[in-house]
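Thanks for coming. I will go through one model today, starting with its pocket and ending with its backbone.

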Amino acid sequence: MENAAERLKHWLHAVPEQFGRMSEAEVSERPMPGKWSPKEALGHLCDSAVNNLPRFIKIQYEKQPYVLIPYDQDQWVTLQDYQEAPAEEILNLWSRLNNRILKAIEKIPAEKLSYPCVTANQETKSLQWLIDDYVEHMEYHLGRQILKNNV
């Protein structure tokens with residue numbers, strides 16, 4: 001747990017600093033048609049946080065194994081219209097959501113980290129795996145789409 005929490009703490013410090021230095025034009029530029037801009041990718045990470053926070057909580061008390069309900073990531077990004085939102089608004093939302101996630105995962109008792117959940121691929125994973133996967137997913141988007149060379 002500490003590893004995921006420590007990594008999340010790092011990003012909660014680094015992302016506002018690095019994303020905040022980028023111009024609105026830089027964060028709005030799509031690398032090619034059909035690909036997300038850095039703003040949209042950060043918005044996607046907000047959607048991931050919105051969907052994962054309840055999972056991290058519910059796995060601890062609902063019937064086991066907890067079944068994860070997938071969501072259509074592209075539809076969420078499109079319907080939230082992150083491309084037209086101010087970058088600062090998206091950054092603030094990302095920071096607030098991930099601060100809440102950090103607080104939630106730091107409070108999870110060690111014995112609950114092994115609680116099972118079933119993924120969309122019908123694989124049984126642990127709450128610890130889900131938390132680690134959440135942070136790895138975030139790091140993937142931060143490094144490849146959002147901060148790129150600034151990581």
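**Pocket, sheet, salt bridge, backbone**

The largest pocket has a volume of about 370 Å³. That volume is the space filled by probe spheres set on grid points, joined across faces, edges and corners. A pocket here is an open set of points on a 1 Å grid over the protein atoms alone, where a 1.4 Å probe fits, with protein on both sides within 12 Å along at least five of seven lines; lining residues have an atom within 4 Å of a point.

Before going on, the ground rules. This is a predicted model, with local features needing pLDDT of at least 70 and side-chain atom pairs counting only at pLDDT 80 or more, while totals for chains, interfaces and linings use all residues. Residues are numbered from 1 along each chain as its sequence is written, and side-chain values use heavy atoms, with hydrogens and water left out.

Back to the pocket. Its lining has 16 residues, and N52, R55, Q73, L130 and D133 lie nearest the centre. Two or more lining residues come from each of α3 (38-58) and α6; helices are DSSP runs of H or I with at least four residues, strands are runs of E with at least two, and both are numbered from the N terminus. Helix α6 gives the largest share, five residues. By type, the lining divides into eight nonpolar, six polar and two charged residues.

Now the sheet. It is open, with three strands in the order β1-β2-β3 and mixed pairing, where a pair needs at least two DSSP bridges. At the edges are β1 (66-67) and β3 (124-126), each pairing on one side only. Helix α6, residues 127-146, packs on the sheet and touches β2 and β3, with contact meaning heavy atoms within 4.5 Å. Strands β1 and β2 (residues 116-118) run parallel, joined by two bridges. Y66 has C117 as its bridge partner in β2.

How many salt bridges does the whole structure hold? The search finds six, each a side-chain nitrogen of Lys or Arg within 4 Å of a carboxyl oxygen of Asp or Glu. In one, E139 pairs with R7, with the closest N and O atoms 2.7 Å apart. E139 is in α6 and R7 in α1 (residues 2-20), so the pair ties together parts 132 residues apart in sequence.

Last, the backbone. The peptide bond from Q64 to P65 is cis, with omega near 0°. P65 sits in the loop between α3 and β1.

Methods
Axes fitted to C-alpha atoms, helices over the stretch in contact; angles between N-to-C directions. Nonpolar A, V, L, I, M, F, W, Y, C, P; charged D, E, K, R; others polar.
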